[in-house]
Amino acid sequence: MKNVLVLCTGNSCRSQMAHGYLAHFQKKLAHIYSAGIETHGLNPKAVEFMKEDNVDISHHTSNHVDEYQGIEWDYIITVCDHAKEHCPYIPSKNAKRMHQNFMDPSKVKGTEKEIQEAFRATRDEIKAFCHDFVREELMD
């Protein structure tokens with residue numbers, strides 16, 4: 001089985017959503033992990049809007065990238081520019097490194113409706129990315 005690491009700044013929202021969708025779309029093809037260069041705890045709105053799409057991430061934890069030292073990664077995916085630019089080097093001989101920046105919905109200020117729309121938009125972009133990733137990278 002392959003090992004996939006999804007990285008974001010705080011491992012609270014975007015990386016957690018990607019972790020949820022990657023686990024959801026693949027059927028025992030890979031071990032999915034998510035981490036941050038910091039830990040900010042699991043964002044309750046990320047949990048809420050994933051549940052709205054029938055993916056439960058409420059059991060996830062916010063983990064620091066250092067917790068996974070020693071794992072030989074097949075894929076390392078950064079989901080925000082900040083993590084890509086500031087993540088410490090992760091030694092992994094065979095890792096395919098990929099990057100896709102997603103807007104951080106937790107930073108949106110506005111009405112409750114605007115915040116909900118931001119979470120749904122980011123969630124749906126992450127969902128499409130993860131669906132394509134599983135199809136193109138894991139189902140070879």
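## Close-up views of a predicted model

View 1. Glu 137 lies in helix α4, where helices (H or I, at least four residues) and strands (E, at least two) are DSSP runs numbered from the N terminus. This is a predicted model, in which local features need pLDDT of at least 70 and side-chain atom pairs count only at pLDDT 80 or more, whereas totals for chains, interfaces and linings use all residues. Residues are numbered from 1 along each chain as its sequence is written, and side-chain values use heavy atoms, with hydrogens and water left out. Glu 137 counts as buried because its relative accessibility is 13%; buried means under 20% relative accessible area, exposed over 50%, and partly exposed in between (1.4 Å probe, protein chains only). The side chain of Glu 137 makes a polar contact of 3.0 Å with the side chain of Tyr 75, and another, of 2.9 Å, with the side chain of Lys 96. A polar contact is a pair of N or O atoms within 3.5 Å; within protein, one must be able to donate a hydrogen and the other to accept it, and residues adjacent in sequence count only if both atoms are side-chain atoms. Leaving aside residues up to four places away in sequence, Glu 137 touches Tyr 75, Lys 96, Met 98 and Asp 132, a contact being heavy atoms within 4.5 Å.

View 2. Four strands with parallel pairing form an open sheet in the order β2-β1-β3-β4, two strands being paired if DSSP finds at least two bridges between them. At the edges stand β2 (30–36) and β4 (96–99), each with a single partner strand, so one side of each has no neighbour in the sheet. Neighbouring strands are turned by 20° against each other on average, direction ignored. Helix α1 (residues 14–25) packs on this sheet, touching β1, β2 and β3, and its direction makes about 175° with that of β2. Helix α4 (residues 112–138) lies across β1, β2, β3 and β4, running at about 160° to β3. Axes are lines fitted to C-alpha atoms, for helices over the stretch in contact, and angles run from 0 to 180 degrees between N-to-C directions. Strand β1 (residues 2–8) is joined to the parallel β3 by four bridges, and Leu 7 has Thr 78 as its bridge partner in β3.

**View 3. Val 4 in the largest nonpolar core.** Of the 31 residues in the largest nonpolar core, Val 4, Leu 22, Cys 130 and Phe 133 touch the most other members; such a core is a set of buried Ala, Val, Leu, Ile, Met, Phe, Trp, Tyr and Cys residues joined through side-chain atoms within 4.5 Å. At least two residues of this core come from each of β1, α1, β2, α2, β3 and α4, and α4 gives the most, with eight residues. Not counting residues up to four places away in sequence, the residues that Val 4 touches include Leu 22, Ile 32, Ile 77 and Phe 133.

**View 4. Asp 66 in a loop.** Asp 66 is found in the loop between α2 (44–51) and β3 (75–78), and is partly exposed because its relative accessible area is 44%. The C-alpha atoms of Asp 66 and Gly 36 are separated by 8.9 Å, although these residues are 30 apart along the chain.
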